[in-house]
Amino acid sequence: MKTKKLLSAFAISCCLCSIISLGTIASAESSSEKTSVSNYTLLENQEPVIEDGFVEQNGNTYYYENGVMVKNRWVNLESNWYFLNEHGILAKDTIILSGGKRYYVDMAGALATNFWYKSDDGTVAYYFGLSGVAVTDQWMKIEGEYYYFDTDGIMKTGWLIFGKDKYYLGEDGVLWMNHGVFYGEKLYFVGSDGKMEKNIWVEFKDGTVNYFGGDGAAVSNKWIKSEGYYYYLGKDYNLRTNSWIKWNNKWCYADSYGTMKSNEWAKIKNKWYFFDKNGYMKTNSWIKSGSKWCYVGSDGIMKANNWAKIKNKWYYFDKSGYMLSSTSKKIGKTTYKFNKSGVCMNP
């Protein structure tokens, strides 16, 4: 009986030990499982550690300082400035509006200085100066040429008006100086300071001379009065010199200075002509020269050393073009007599 009791006690003891042992193992396994789950959560929730500087992510470039992404401001690295937009993305090859001023960053994102920027279609151009700021509302001398940029920084072309003064900038924006400007089928001239000239004579390098009137446009196909004299400008705007000009179906003449001959004799290619006070060449007319009389025919040429039949009467004019009167003269083999009116009495 005693032996059975001991065996029973041992069995009970072994069972208890087994139960305790299994409980300990189960507890350890349960503890181990909880520890593994906690570590995974920690790894999942932990933000990745990113070194400071530029970082490429999803095809964009970002910049970090002290582990924080920089947004909507400039950063300076190795003497270059870079701009990160409101999303933290590095701006590249674009114009930046920052602090009310325009800047341009190149393909690498670096701030450009002393740099021209033109739109793809070439219609808009900016210039970014030494500080990188777009030049605005001022003249700018760039590589020896003058340009003007408006309040938005856009380079101007064509006519530019300041008060009463006008300037002309070519398609490339360069200010024209000492140059003729064809615009709207008219010719203008800008002087050495770039201003459009008015009421001025201009002689060009090729020797042509133009006159620019009160509106700045070159005069053409017209007589103008300048300092008391009349001059004619042709359809090509050029001053006519040593030239016959037909005006109102009559003939006028401009001498070597371009001055219209008026109320005077003019020797043209060894022929003498007379022009009245309006500048028109006289034809079939008596002209009194001093106390003597001359005559011009239908072609306007003064009769000289020759006969002229005028209204069925014959007259003779000496080599100087003066009519003979109250005298006799042997012409050929015949001596002719002339009365005081110059009429030949024995033609």
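**Charged pairs and their setting**

Author: A search of the whole structure finds five salt bridges, a salt bridge being a side-chain nitrogen of Lys or Arg within 4 Å of a carboxyl oxygen of Asp or Glu. The model is predicted: local features need pLDDT of at least 70, and side-chain atom pairs count only at pLDDT 80 or more, whereas totals for chains, interfaces and linings use all residues. Residues are numbered from 1 along each chain as its sequence is written, and side-chain values use heavy atoms, with hydrogens and water left out.

Side chains of opposite charge can pair when their charged atoms come close.

The side chains of K195 and D165 form another salt bridge, at 3.5 Å from N to O. K195 lies in the loop between β15 (186-190) and β16 (200-203), while D165 belongs to strand β13 (residues 165-169), so the pair ties together parts that are 30 residues apart in sequence. Strands (E, at least two residues) and helices (H or I, at least four) are DSSP runs, numbered from the N terminus. K195 counts as partly exposed, at 28% relative accessibility, and D165 is likewise partly exposed, with a relative accessible area of 28%.

A further salt bridge joins the side chains of K261 and D255 at 4.0 Å, N to O. Here K261 is buried, with a relative accessible area of 15%, and D255 counts as buried at 15% relative accessibility. Both residues take part in a network of salt bridges that links D255, K261 and E264.

An open sheet of three strands has the order β1-β2-β3, and its pairing is antiparallel. The edge strands, each pairing on one side only, are β1 (53-57) and β3 (68-69). Strand β2 covers residues 60-65 and pairs with β3 in the antiparallel sense over two bridges; two strands pair if DSSP finds at least two bridges between them. Opposite Y64 stands M69 of β3. Strands of a sheet pair through backbone hydrogen bonds, either parallel or antiparallel.

Another pairing is that of β8 with β9: four bridges join these strands, which run antiparallel. K118 has A125, in β9, as its bridge partner. In a regular strand the side chains alternate between the two faces of the sheet. In β9, A125 and Y127 point one way and Y126 and F128 the other way, and all are buried.

The hairpin of β8 and β9 has six residues between the strands, and G122 takes a positive phi near 75 degrees there. S119 lies in the loop between β8 (115-118) and β9 (125-128). The side chain of S119 makes a polar contact of 2.6 Å with the side chain of D121, and S119 also reaches the backbone nitrogen of T123 with its side chain, at 3.3 Å. A polar contact is a pair of N or O atoms within 3.5 Å; within protein, one must be able to donate a hydrogen and the other to accept it, and residues adjacent in sequence count only if both atoms are side-chain atoms.

N221, although not a glycine, has a positive phi of about 50 degrees. This residue is found in the loop between β17 (209-212) and β18 (222-226), and N221 is partly exposed, with a relative accessible area of 42%. N249, also a residue other than glycine, has a positive phi near 65 degrees. The loop between β20 (243-247) and β21 (250-254) holds N249, which counts as exposed at 71% relative accessibility.

The protein chain has one helix and 29 strands, and buried residues make up 35% of its 347 residues. Its mean pLDDT is 88, with 86% of residues reaching 70 or more; pLDDT is the predictor's confidence in each residue, from 0 to 100. Over residues 1-43 the pLDDT stays under 50, and the model has zero contacts beyond four places in sequence for them, where contact means heavy atoms within 4.5 Å.

Conventions: Buried < 20%, exposed > 50% of the residue type's maximum accessible area, 1.4 Å probe, protein only.
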